[in-house]
Amino acid sequence: MIDTNPKKIEEILSRGVEEIFERESLLKKLQSGKQLRIKFGIDPTGPKIHIGRAFQFWKLRDFQDLGHKIVLIIGDFTAQIGDASDKQAMRKPLTEKEIKENLKNYLFQIDKILDIKKVEVRYNGEWFKKMKVIDFVNLQMIFTAQQIIQRRNFKERWDEAKPIGLHELDYPLFQGYDSAAVKSDVEIGGSDQLFNLQAGREIQKFFKQKQQDIMTSKMLNGLDGRKMSTSWGNIITIIDEPNDMFGKVMSMKDELIDEYFELAARLTKEEIFQIKKNSDNPRDIKARLAKEIVKMYHGEKKSQKAEEEFNKIFRNRELPTDIPVFKTNKKQYFVLDLLFDAKLAASKNEAKRLVEGGGVELQNGDKKERIADWKKEVNLENGMIIKVGSRKFVKIKIK
RNA sequence: GGGCGUGUGGCUGAGCAGCAAAGGCAUCAGACUGUAAAUCUGACGGGUUCUACCCUUCGCAGGUGCAAGUCCUGCCGCGCCCA
């Protein structure tokens with residue numbers, strides 16, 4: 001029932017892995033043939049899972065495929081606190097309503113990667129909501145203030161005199177206590193989670209449990225090479241539309257290709273080697289990577305289509321398959337009003353800029369006309385296409 | 001409770017009383033191409049009768065100036081230090 005194939009185990013312990021404590025112990029556990037409890041905690045803080053985080057779920061999937069038990073901790077309680085990992089500033093606590101909403105979306109997305117029916121899903125409110133204050137204080141006694149504060153991102157904020165919420169210091173305790181509550185054998189997380197994962201080991205020790213082994217994964221950088229972050233807009237989420245997903249991969253920096261092959265795709269080393277052998281043009285390698293990533297979340301067919309669509313629009317500069325339609329009953333239109341009304345520009349000033357920059361083109365059949373004068377009034381015809389930049393199109397429909 | 005400091009456009013961060021407000025990042029357009037990459041160029045609050053004019057912005061509310069992001073007063077938020 002438990003797969004102990006050495007090759008698979010080796011893959012699990014190496015691919016995309018940053019650190020393991022204790023490696024020997026974990027290896028033995030995996031070889032033992034016993035079913036392990038693999039803990040993974042998520043705070044339903046944002047609505048979407050990006051492909052960087054998805055890597056960790058794929059890692060869990062590997063464990064699941066070997067027959068181990070995935071214990072997914074939903075931090076409905078801790079989400080109200082806010083983890084300090086990876087944060088330079090305090091995080092706003094979420095309301096219960098937001099948490100519920102996020103959670104629903106989360107499970108739907110996780111199901112794309114894990115077999116959710118086989119996962120043990122636990123909410124940490126289950127134990128925290130009834131924890132007594134005295135028990136919590138006891139938990140705090142396991143650590144000294146120095147131990148907690150020395151953690152890098154606390155230290156940095158401390159040194160820079162930036163605010164650190166007192167409650168934030170408790171976060172590692174809560175996450176660590178989760179491990180004791182579910183008696184986990186292994187916990188995985190991002191490399192920014194190392195501190196929290198280790199707290200789990202300490203707390204398990206305190207409760208005289210066997211200490212979990214911990215594994216941290218490498219962090220996938222965003223498309224521009226900076227840290228992935230929703231606010232940077234450099235992420236790909238696993239529910240992005242196929243075309244979007246494909247395009248985003250194509251737009252990433254060339255230097256990131258290897259990283260994405262390792263963390264965002266599931267191809268074997270041999271396959272990757274082959275791809276690189278076939279072409280040394282980054283465009284082609286990226287296209288191959290993009291296709292693979294889209295396939296993981298949308299399947300072979302849609303992935304194929306996304307590639308065709310991409311080539312159509314950007315390589316051959318043709319029109320996309322689906323063009324939004326702008327319905328109107330006016331046949332004469334001032335360009336600025338047209339762009340504004342068709343939502344191709346957020347304001348008339350912006351429309352003006354676009355025209356002045358030479359980014360606006362009208363297409364009617366084979367006739368193409370670049371609009372250079374923003375005062376111009378144009379005659380509309382059914383089926384006419386307005387093109388703004390290289391990727392915004394609108395088709396005119398006259399009522 | 002006391003002292004000091006701080007609050008600027010999507011973010012960051014300058015700003016001597018005459019600025020729609022430097023720089024950086026992000027964004028958008030153009031050229032180029034291997035692509036929505038890199039590089040270069042330009043734009044980047046809104047509106048209009050459009051090389052000009054008008055309106056709205058620099059935590060909030062008042063005040064002094066012909067003129068205030070810039071000075072004064074009072075609030076509010078945030079930070080540090082002392083208690």
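Modeller: Two strands count as paired if DSSP finds at least two bridges between them. Helices (H or I, at least four residues) and strands (E, at least two) are DSSP runs, numbered from the N terminus. This is a predicted model, in which local features need pLDDT of at least 70, side-chain atom pairs count only at pLDDT 80 or more, and totals for chains, interfaces and linings use all residues. Residues are numbered from 1 along each chain as its sequence is written, while chains are lettered from A and ligands numbered from 1 in the order in which they are written.

Biologist: How many helices and strands does chain A have?

Modeller: The C-alpha atoms of chain A fill a box of roughly 80 × 50 × 40 Å along the principal axes. The count of elements in chain A is 17 helices and 13 strands.

Biologist: What percentage of the residues in chain A is buried?

Modeller: A residue is buried if 20 or more other C-beta atoms, placed from the backbone, lie within 10 Å of its own, exposed if 12 or fewer do, and partly exposed in between. Of the 399 residues in chain A, the buried share is 33%.

Biologist: By what angle are neighbouring strands turned in the open sheet of six strands, on average?

Modeller: The strand order in this open sheet is β1-β6-β5-β2-β3-β4, and the pairing is mixed. β1 (17-21) and β4 (120-123) are at the edges with a single partner strand each, so one side of each has no neighbour in the sheet. Axes are lines fitted to C-alpha atoms (for helices over the stretch in contact), and angles run from 0 to 180 degrees between N-to-C directions.

Biologist: In which loop does Glu22 lie?

Modeller: Most peptide bonds are trans. The bond from Phe21 to Glu22 is cis, with omega near -20°. Glu22 belongs to the loop between β1 and α2.

Biologist: Which strands stand at the edges of the open sheet of five strands?

Modeller: The order is β7-β13-β12-β9-β10, with mixed pairing. A strand with a single partner has one side left without a neighbour in the sheet, and so the edges are β7 (325-328) and β10 (367-370).

Biologist: Which residue in β10 stands opposite Glu361?

Modeller: β9 (residues 360-364) pairs with β12 (residues 385-388) in the antiparallel sense over four bridges, and there Glu361 stands opposite Lys387. β9 and β10 also pair in the antiparallel sense over four bridges. In β10, the residue opposite Glu361 is Arg370.

Biologist: Which residue in the hairpin of β9 and β10 takes a positive phi?

Modeller: Two residues lie between the strands of this hairpin. A phi near 65° is taken there by Gly365.

Biologist: Is Glu369 buried, exposed or partly exposed?

Modeller: Glu369 is part of strand β10. Apart from neighbours within four places in sequence, Glu369 is in contact (C-beta atoms, placed from the backbone, within 7 Å) with Glu361 and Leu362. Because Glu369 has 13 C-beta neighbours inside 10 Å, its class is partly exposed.

Biologist: At what angle do α14 and α15 pack?

Modeller: α14 (residues 282-298) and α15 (residues 300-315) have their axes 7 Å apart. The contact includes Ala287 and Val294 of α14 and Ala306 and Glu307 of α15. The packing angle is about 145°.

Biologist: Which residues are closest to RNA strand B?

Modeller: RNA strand B is surrounded by 31 residues, where near means a C-beta atom, placed from the backbone, within 6 Å. α11 (242-251), α14, α15 and α17 (348-356) each supply at least two residues of this surface. The closest residues are Gly247, Ser251, Gly357, Gly359 and Gly389.

Biologist: Is Lys208 buried or exposed?

Modeller: Most residues other than glycine have a negative phi. Lys208, in the loop between α10 (194-206) and β6, has a positive phi near 60°. With 7 C-beta neighbours inside 10 Å, Lys208 is exposed.

Biologist: What is the phi of Arg317?

Modeller: Arg317 is in the loop between α15 and β7, and is exposed, with 8 C-beta neighbours inside 10 Å. Although Arg317 is not a glycine, its phi is positive, at about 55°.

Notes:
Two residues are in contact if their C-beta atoms, placed from the backbone, lie within 7 Å.
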